[in-house]
Amino acid sequence: MRTRDWLRLLALSLLWGGSFFFGEVAVASLPPLTLAWLRVATAACALLTIGLIIGRLAGLSAWPWGKLLVMGLLNNALPFSLILWGQTEIDSGLASILNATTPFWAILLATWLLPAEGLTPARLTGLLLGLGGVVLLIGPSALAGLGESLWHQAAVLGAAFCYGCAGIWGRRLSGLTAWQAASGQLVCSSLLLLPVVLVSEQPWLVPLPDLPVITAVLCLGLFSTGLAYLLFFRILRDCGPTNLMLVTMLIPPSALLLGWLFLGE
């Protein structure tokens, strides 16, 4: 990877690290599936609006919508819902550490499906050192509660597995620009989540959130989702899925720092 790619990876880690913080703020007032839908719908509306203005959405009807639907399920609808539900019981720091297992899933899947990017002794050693470094850098206290709320922790691990699958599946979207792929998957995930939210959580019964929650939702959608996925697909195209998923090892420090500064975690 070139220096430019590492800088993009670092920027993506900061945007996604913020998602755990913004999610922790908003999930205290909004049901998790409703929040997941607001996240992707806000991002989709922003990218579609800006994309139409600057001419980034050419050939909309010819996009591979079936592939984008699967990408939206694996990369947005399922993992966002699982992480936000998990954060109803566990801190954002622990959630981000569990999410840092994503490269393991990505490499295990790549070993099976993409032999050129599969498991090697060097990669395995690097992953183990990286995950250990995440815990060491943040401190053992971030693992407080590990073993409690097992279903919520399992949900975050399930989200990490989904991200690993999405990294592999995303190679099928190589014919699209980053803007097209990001916009398309967010539109699909918004449509996937909407009926589930309406049936299961009846969001019209939820009290109107206050300004900090609204701000958190907007930041979650515009920056930690819309802008983040433009970077995601650019890095995926240039560096491949296993390198891309290293971003999850860079996320926990920023997630924990924000949780400590503003949430008292």
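Start by selecting Ile-214, which is partly exposed, with a relative accessible area of 36% (buried is under 20%, exposed over 50% and partly exposed in between, with a 1.4 Å probe and protein chains only). The model is predicted: local features need pLDDT of at least 70, side-chain atom pairs count only at pLDDT 80 or more, and totals for chains, interfaces and linings use all residues. Residues are numbered from 1 along each chain as its sequence is written, and side-chain values use heavy atoms, with hydrogens and water left out.

Ile-214 belongs to helix H9 (helices are DSSP runs of H or I with at least four residues, numbered from the N terminus).

Next, select Gln-202, in the loop between helix H8 (178-200) and H9. Its phi is near 45°, a positive value in a residue other than glycine. Most residues other than glycine have a negative phi. Gln-202 is partly exposed, at 35% relative accessibility.

Now turn to the aromatic rings. Rings of Phe, Tyr and Trp (its six-membered ring) pair if their centres lie within 6.5 Å; planes under 30 degrees apart are stacked, over 60 edge-to-face, and the rest tilted. The count by this rule is ten aromatic pairs. Select Trp-16 and Tyr-229, an edge-to-face pair with 5.5 Å between centres and 65° between planes. Trp-16 is in helix H1 (residues 3-26) and Tyr-229 in helix H9 (residues 211-239), 213 residues apart. Are these two buried or exposed? Trp-16 is buried at 8% relative accessible area, and Tyr-229 is buried at 0%.

Phe-80 lies in helix H3 (residues 65-86) and Tyr-229 in helix H9, so the pair ties together parts 149 residues apart in sequence. Phe-80 is buried, with a relative accessible area of 1%.

Which residue lies over the face of Phe-80? Select Arg-39, at 3.6 Å from the ring centre (the rule asks for NZ of Lys or CZ of Arg within 6 Å of the ring centre and within 35 degrees of the ring normal).

Finally, select Trp-16, Phe-80, Tyr-163, Tyr-229, Phe-232 and Phe-233, which form one aromatic cluster.

Note on methods: Helices (H or I, at least four residues) and strands (E, at least two) are DSSP runs, numbered from the N terminus.
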